[in-house]
Amino acid sequence: MTTPYQKEWLQAITGPRPVLLVDDSKDDCFSILRSSQDFNIAWTVVNDFQEALKAANDCKHYRLAVIDLHLGGGNSGVEIYKAIKSRCPWLPVLILSGYINEQMFDDITNLGFAMFLRKPPSFDQKFFGEL
């Protein structure tokens, strides 16, 4: 059974505007897209840091951003987060990470992101039940 909060969340991430997914791992992106296919979510997937910065410039076109904390090559999802928030402070952002310690979590918590998810996330009924 879907709770009212789960229904609100589903309404927030489904619809005509896409969700921006920034992750350097194509395998993780594929997994996220596959696990969310039952929820009618339109995704824009970016695997490159420079392309992610360009997408951050167009943040008004997205309904949500999901950003990997570690983007490879010494790049950080925090930089993408800050670029999005400077242009679209209203846009909710979910931070993903397969590795995070307590200090890192405290540091990114102070930024004000909408939610933190451990990788690999699974967009299924269990995910929506945990929101």
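Leaving aside neighbours within four places in sequence, Ile84 is in contact (heavy atoms within 4.5 Å) with Leu20, Ala56, Cys59, Ala65, Ile67, Pro89, Leu91 and Val93. The model is a predicted one: local features need pLDDT of at least 70, side-chain atom pairs count only at pLDDT 80 or more, and totals for chains, interfaces and linings use all residues. Residues are numbered from 1 along each chain as its sequence is written, and side-chain values use heavy atoms, with hydrogens and water left out.

Ile84 also belongs to the largest nonpolar core, which has 24 residues; Leu20, Val22, Ile67, Ile80 and Ile84 touch the most other members. A nonpolar core is a set of buried Ala, Val, Leu, Ile, Met, Phe, Trp, Tyr and Cys residues joined through side-chain atoms within 4.5 Å. Buried means under 20% relative accessible area, exposed over 50%, and partly exposed in between, with a 1.4 Å probe and protein chains only. Two or more residues of this core come from each of β1 (19–22), α3, β3, α4 (77–87) and β4 (93–97). Five residues, the largest share, are supplied by α4. A second, separate core has 12 residues, including Ile32, Phe39, Trp43 and Leu117.

Helices (H or I, at least four residues) and strands (E, at least two) are DSSP runs, numbered from the N terminus. In α4, the buried residues are Gly77, Val78, Ile80, Tyr81, Ala83 and Ile84. At the start of this helix, a side-chain oxygen of Ser76 comes within 3.0 Å of the backbone nitrogen of Val78.

Strand β4 is mostly covered, with five of its five residues buried. Val93, Ile95 and Ser97 lie on one side and Leu94 and Leu96 on the other, so both faces are covered. Two strands pair if DSSP finds at least two bridges between them; β3 and β4 do this in the parallel sense over four bridges. Within β3 (64–68), Ala65 stands opposite Val93 of β4.

Two loop residues come next. Arg63 is found in the loop between α3 and β3. Is Arg63 buried or exposed? Its relative accessible area is 14%, so Arg63 counts as buried. A polar atom of the Arg63 side chain lies 2.8 Å from the backbone oxygen of Arg17. Ile41 lies in the loop between α2 (26–35) and β2 (43–46), and is buried at a relative accessible area of 12%. The C-alpha atoms of Ile41 and Pro16 are separated by 8.6 Å, although the two residues are 25 apart along the chain.

Side chains of opposite charge can pair when their charged atoms come close. A salt bridge is a side-chain nitrogen of Lys or Arg within 4 Å of a carboxyl oxygen of Asp or Glu, and the count comes to one. Lys54 forms it with Glu51, the closest N and O atoms being 3.3 Å apart. Both residues lie in helix α3 (residues 49–57), three residues apart, about one turn of the helix. Lys54 is partly exposed at 49% relative accessibility, and Glu51 is partly exposed at 39%.

Over the whole protein chain there are six helices and five strands, in the order α-β-α-β-α-β-α-β-α-β-α from the N terminus. Buried residues make up 43% of the 131 residues. Among contacts between residues at least 6 apart in sequence, 67% join residues at least 24 apart.

Definitions and conventions: Polar contact = N/O pair within 3.5 Å; in protein donor to acceptor, adjacent residues only side chain to side chain.
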